[in-house]
Amino acid sequence: MSYASASPALSTRSVYRNFFRTYPSEISVNPAKVELCKRFGWKKMASIYQTEEIFSVTSTSLIQLAEKNDIKITVTLGFSANDDPLQALVSVKKSATRIIVAGFYSPQGRKLFCRAYHLGLTGPKYVWIIPGWLGDHWWIDPQGKGVTVGNNHCNDSIMAQAVQGYFCMASLSISNRPEPTVSGMTSAEWLQLRNQYLLNPKAYTGAIDYASYSYDAVWAIALTLNRSIDQLANIDRRLEDIDYNDKEVLAIFMEQMRSLEFLGITVRKFY
């Protein structure tokens with residue numbers, strides 16, 4: 001059970017039979033990207049991404065969805081973590097495409113935007129759509145040295161100009177539904193408790209952005225175990241005595257997890 005894995009590949013049940021998550025696949029935000037284009041009448045977009053599975057599979061899915069909605073993908077190019085994204089960006093510029101959907105982790109994103117700035121691919125005439133989970137001020141070099149890629153250098157001020165006005169998209173981490181969740185609390189009440197916890201200067205905040213997903217993951221595990229008790233009794237097993245190599249027990253847990261559906265802080269069903 002994962003509370004932070006977004007790779008679309010993990011949804012391949014034939015490969016990852018025992019994997020479940022409360023955090024949605026990165027593909028889940030593709031419809032929002034397409035709807036944004038439709039809302040503003042944008043008919044063309046370019047897709048540029050770091051060549052990691054999470055981004056390449058998401059890009060492929062986006063292309064298929066865009067084409068179904070009469071949006072043309074003019075350029076689809078990837079660049080590796082060690083690559084200079086210059087040539088990919090030159091192709092985008094030659095295509096005269098103003099809407100650029102990009103997928104990357106922060107270090108490569110900084111290189112991408114620094115190059116884009118010097119190529120004139122940023123500013124009010126361009127729209128960038130990027131992942132929404134990169135973190136605050138992801139474009140600032142954590143070592144304070146700015147960004148150097150090829151013969152271009154961008155200090156913090158230039159980077160702030162380069163990224164100004166981008167759209168970022170991520171799954172909703174806290175439901176806006178008003179009814180109580182499985183815990184008896186509404187999402188708003190849970191959020192209030194979380195904020196109170198964060199007032200403690202000693203509060204652990206290492207993965208605070210994933211707190212709601214991890215909370216629902218714990219509930220999912222608890223409900224799965226609870227729902228398995230009767231079935232385990234039918235084969236003379238108890239939760240207290242389970243052997244992690246027992247395939248019969250695993251099959252029961254898998255059956256219960258697959259059918260599990262509840263109203264949580266973030267989700268009603270699993271991925």
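Is Asp 241 buried, exposed or partly exposed? Select it and see: Asp 241 is partly exposed, with a relative accessible area of 49%. Here buried means under 20% relative accessible area, exposed means over 50%, and partly exposed lies in between (1.4 Å probe, protein chains only).

Before moving on, note that this is a predicted model, where local features need pLDDT of at least 70, side-chain atom pairs count only at pLDDT 80 or more, and totals for chains, interfaces and linings use all residues. Residues are numbered from 1 along each chain as its sequence is written, and side-chain values use heavy atoms, with hydrogens and water left out.

**Stop 1: salt bridges**

Arg 238 and Asp 241 form a salt bridge, with the closest N and O atoms 2.8 Å apart. A salt bridge is a side-chain nitrogen of Lys or Arg within 4 Å of a carboxyl oxygen of Asp or Glu. Arg 238 is partly exposed too, at 48% relative accessibility.

Now select Arg 237, Asp 246 and Glu 248. Salt bridges with shared partners join these residues into one network.

Next, pick Arg 177 and Glu 179. Their salt bridge has its closest N and O atoms 2.7 Å apart. Arg 177 is partly exposed at 36%, and Glu 179 is partly exposed at 28%.

Then go to Glu 35 and Lys 38. Their side chains meet in a salt bridge of 3.3 Å, N to O. Both sit in helix 1 (residues 30–40), 3 residues apart, so about one helical turn separates them. Helices (H or I, at least four residues) and strands (E, at least two) are DSSP runs, numbered from the N terminus.

How many salt bridges does a search of the whole structure find? The search finds 6.

**Stop 2: the sheet**

Switch to a cartoon view. Find the open sheet of 5 strands, in the order 2-1-3-4-7, with parallel pairing. Two strands pair if DSSP finds at least two bridges between them.

Colour strand 2 (72–79) and strand 7 (167–169). These stand at the edges with a single partner strand each, so one side of each has no neighbour in the sheet.

Zoom in on strand 4 (residues 127–131). Strand 4 pairs with strand 7 in the parallel sense over 3 bridges. Select Ile 129: its bridge partner in strand 7 is Phe 167.

**Stop 3: a helix on the sheet**

Finish with helix 4 (residues 106–118). Helix 4 packs on the sheet and touches strand 1, strand 2, strand 3 and strand 4. Contact means heavy atoms within 4.5 Å.

Conventions. Axes are lines fitted to C-alpha atoms, for helices over the stretch in contact, and angles run from 0 to 180 degrees between N-to-C directions.
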